[in-house]
Amino acid sequence: MATVLLVEDDEFVRSAIIRDLTGRSHAVRSAGRALDALREIAHFAPDVVILDLGLPDLDGAEALKMLRAISDVPVIVATARDDEAEIVRLLRDGADDYLVKPFSGDHLNARLEAVLRRARPGSATAVLRVGGLTVDSDRREAGLDGVPLDLTRREFDLLAYLCARPGSVVSRKELLAEVWRQSYGDDQTIDVHLSWLRRKLGESASQPRYLHTVRGVGVRLSPPPAGPE
């Protein structure tokens with residue numbers, strides 16, 4: 001069971017989704033306006049947010065940016081606009097997944113469960129170590145040379161996935177499927193997150209220490225060589 005905040009201004013749609021989710025044993029709170037949703041998130045800390053883009057007081061994309069400024073709660077965007085460029089932009093702005101209207105209760109619940117699986121700690125308790133990098137999936141904490149890394153949830157998931165496969169070349173398609181849980185998408189989404197992650201690791205694509213791009217294939221996480229470079 002999860003605590004779900006449903007942000008939807010259409011009363012008929014909102015009631016139908018609430019009935020379906022409560023029938024699946026989720027606890028549901030709801031809001032019809034973006035500002036009300038932000039107050040809900042600040043005071044009640046839901047496990048996941050389902051955010052409709054067509055809100056009366058604020059554009060959903062702007063609401064997403066404001067939400068990300070106060071919380072890293074998983075967000076599933078619901079949109080009637082099946083436009084790939086817009087979906088990529090929303091994912092870059094902090095959405096974890098998306099649904100194109102109309103959608104079924106089964107489809108929504110499957111996306112909901114997938115997002116919650118990624119957000120909640122797994123069963124493994126071991127701390128991953130690659131060179132000076134440490135990743136604790138249970139605590140969702142990462143560090144470099146003993147210094148904590150301030151990562152977004154997506155950056156952490158990306159780093160944890162690569163750290164679990166040190167020395168292996170991981171394709172963008174695999175990252176999209178396993179970290180983003182999408183069967184298709186724009187490679188630029190992954191490249192942007194890799195760029196942000198590199199910056200926080202104190203490196204760049206042209207001068208990598210841990211994250212090495214394999215042109216035309218993907219990315220490999222490997223520890224820097226011992227001793228002077």
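Visitor: What is the relative accessibility of T213?

Guide: This is a predicted model, in which local features need pLDDT of at least 70 and side-chain atom pairs count only at pLDDT 80 or more, while totals for chains, interfaces and linings use all residues. Residues are numbered from 1 along each chain as its sequence is written, and side-chain values use heavy atoms, with hydrogens and water left out. T213 lies in strand β11, where strands (E, at least two residues) and helices (H or I, at least four residues) are DSSP runs numbered from the N terminus. Since buried means under 20% relative accessible area, exposed over 50% and partly exposed in between (1.4 Å probe, protein chains only), T213 counts as partly exposed, its relative accessibility being 43%.

Visitor: With which side chain does the side chain of T213 make a polar contact?

Guide: Not counting residues up to four places away in sequence, T213 touches R172, R198, G218 and V219, where contact means heavy atoms within 4.5 Å. A polar contact asks for a pair of N or O atoms within 3.5 Å; within protein, one must be able to donate a hydrogen and the other to accept it, and residues adjacent in sequence count only if both atoms are side-chain atoms. At 2.7 Å, the partner of T213 in such a contact is the side chain of R198.

Visitor: Which residue in the turn between β11 and β12 has a positive phi?

Guide: β11 (residues 211-214) and β12 pair in the antiparallel sense over four bridges, and two strands count as paired if DSSP finds at least two bridges between them. L211 stands opposite L221 in β12, while β12 (residues 218-221) is also joined to β10 (residues 169-171), again antiparallel, by three bridges. β11 and β12 form a hairpin with three residues between them, and the turn residue with a positive phi, about 80°, is G216.

Visitor: Is V75 buried or exposed?

Guide: V75 lies in strand β4 (residues 75-79). Leaving aside its neighbours within four places in sequence, V75 is in contact with residues including V49, L51, L64 and L67. Because its relative accessible area is 0%, V75 is buried.

Visitor: How many residues of helix α6 are buried?

Guide: A second open sheet has four strands in the order β6-β7-β8-β9, with antiparallel pairing, and α6 packs on this sheet, touching β6, β7 and β8. Among the buried residues of α6 are R153, F156 and L159. Helix α6 (residues 153-163) is mostly covered, and of its 11 residues the number buried is 11.

Visitor: Which residue has its backbone oxygen 2.9 Å from a polar atom of the side chain of H193?

Guide: H193 is found in helix α8 (residues 187-200), and it is buried because its relative accessible area is 4%. Leaving aside neighbours within four places in sequence, H193 is in contact with L91, R154, L158 and W180. The backbone oxygen that lies 2.9 Å from a polar atom of its side chain belongs to T189.

Visitor: How much space lies in the second largest pocket?

Guide: On a 1 Å grid over the protein atoms alone, a pocket is an open set of points where a 1.4 Å probe fits, with protein on both sides within 12 Å along at least five of seven lines, and lining residues have an atom within 4 Å of a point. The second largest pocket is lined by 15 residues, of which R68, G94, T152, R153 and R154 lie nearest its centre, and α4 (84-92), α6 and α8 each supply at least two residues of the lining. Grid points are joined across faces, edges and corners, and a volume is the space filled by probe spheres set on the points. For this second largest pocket, the space is about 270 Å³.

Definitions and conventions
Axes fitted to C-alpha atoms, helices over the stretch in contact; angles between N-to-C directions.
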